[in-house]
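Here are a few friendly notes to read alongside the model.

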Amino acid sequence: MSRPITKPERRPNILLVLSDQHAARVLGVAGDTAADTPELDRLARRGTRFDNAYCPAPLCVPSRMAFLTGLEPHVSGVLSNDDFLPSDIPTFAHALGVVGYDCRLVGRMHFNGYDQLHGFADRPIGDIGPGWPGAGAPDIGALTVARGNRGDQLSGSGVGETSYQAFDQAVAETGVETLAGLCAARDTGGAPFLAVVSLFCPHPPYIALPDDYSAVAESVSPPKLSPPERRHPAVAQWAEAGRVDEVGPEVTLSARRAYYGLVRMTDRLAGRVIDSVSDRDDTIVVYLSDHGDALGERGLWWKSTFYDESAKVPLIVAGPGVPRDVVDKRVTGLTDLTATILDWAGAEPLPEQSGLSWLTSRPWDDRAVASYYGGLMNIRTGALRHRMLRRGGLKLCYFHGYAPTLFDLDADPDELNNLAADRPKTVEYLLSELRVGWDAEALARKQEVKSSQTELIRDWVR
């Protein structure tokens, strides 16, 4: 059992540094020798790193909205990247505002629609991408070919400079300025603060600055896991839509090198933000991402699957009440972090929140759930109803209309041996837990209506 995280005597400031699509394993402190991440490694050494942290959904908008609200996607209704978080669903920014916190958001959050605050008091930099389904993504000139999520578009990966990198630079600079103002106000008797500084990278396009690319190029190797002879039918459907089998070894290596270069840049910018509060003993710092990236492992790319490459997230916490230089092996998820943030601040739980605070005195549940409903940019598979349950060392993946999979991660950390046919009683037991409050047939009907609504909005936006 890891040493517990405890509640500080004084209500802490809370800084969340959020990145997009940072795979949990791509950290030096996690054992990846190709990952050049000295700043995040340093944060982990002065705090606690969770080794089994999962996203609520391996897709940007559903994962982020679940983290903000503590509600799983099927509860909030935010199932895909096209969906809007209703403004009458409170976030942790609303809850912390109620107890006197000054809540600020700097940078990316992927809100759709007119409400671009959702409880935050100020947002000096908004998103780089569009806030409406059907709107065009930013034009990055000759590099636009590399932006999409399809195998044929990975050929544009490599060295270059895009507006996404410039955006992250501006977010980091503005984050430091915002934190300086918040700290000065706190030191003169002002309110405690929650600041979210949110970067776009290392999200694709896999295009890294020349210095970052060259710094990691020789260390980055081809994927460890080869494509299987036969994929699970649900994964095969997604892989075919994403045209992942068109990605050759040279493109694979170039894309991986660029991704590691983007991680190097993300580490540098995150470190700049974290350093601005590193001398304070009243501030809890959290680094996290919204989901991972397959990076060619198993022949897969991007997110949208329940393999650990896609579903796990880096999660590092440091500050008052947080044990130093600890690796916490408990199974947890981002909605548990949501509950913990509320606990740190002395705020009431959010209505129907699903997470459990790390400060709890009850035995840890050692579980995490994630779900995926389709809706990744230009990979169109139709509406899906997939759900994962991690319970201790076991991972059950349910695919509506297909057979489930079961992996024993203690014995098989690479998820190569599907035990579902050999352990039917275990499958049934875990399925019964996975289905509590989650009805695939009811969701299918909701998705049919939602699809029509979204297409009308898309037409209106165009």
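1. Let's start with the aromatics: Phe84, Tyr114, Trp132 and Trp460 form one aromatic cluster. Rings of Phe, Tyr and Trp (its six-membered ring) pair if their centres lie within 6.5 Å, with planes under 30 degrees apart called stacked, over 60 edge-to-face and the rest tilted.

2. Before going on, a word on the source: this is a predicted model, in which local features need pLDDT of at least 70 and side-chain atom pairs count only at pLDDT 80 or more, while totals for chains, interfaces and linings use all residues. Residues are numbered from 1 along each chain as its sequence is written, and side-chain values use heavy atoms, leaving out hydrogens and water.

3. How many aromatic pairs does the structure hold? There are 15. Phe67 and Phe92 make an edge-to-face one, 5.2 Å centre to centre with 65° between the planes. The pair links distant parts of the chain, with Phe67 in helix α2 (residues 60–69) and Phe92 in helix α4 (residues 92–98), 25 residues apart. Helices here are DSSP runs (H or I, at least four residues) and strands likewise (E, at least two), numbered from the N terminus.

4. Are Phe67 and Phe92 buried or exposed? Phe67 is buried at 4% relative accessible area, and Phe92 is buried at 0%. Buried means under 20%, exposed over 50% and partly exposed in between (1.4 Å probe, protein chains only).

5. Tyr114 is exposed, with a relative accessible area of 71%, whereas Trp132 is partly exposed at 24%.

6. Do look at strand β9 (residues 326–333): six of its eight residues are buried, so the strand is largely enclosed by the rest of the structure. Strand β2 (residues 47–54) pairs with β9 in the parallel sense over six bridges; pairing requires at least two DSSP bridges between two strands. Asn52 stands opposite Val331 in β9.

7. Val244 sits in the loop between α7 (233–242) and α8 (249–275) and is buried, with a relative accessible area of 4%. Leaving aside residues up to four places away in sequence, Val244 touches Arg231, Trp238, Ala239, Gly299, Trp301 and Trp302, where contact means heavy atoms within 4.5 Å.
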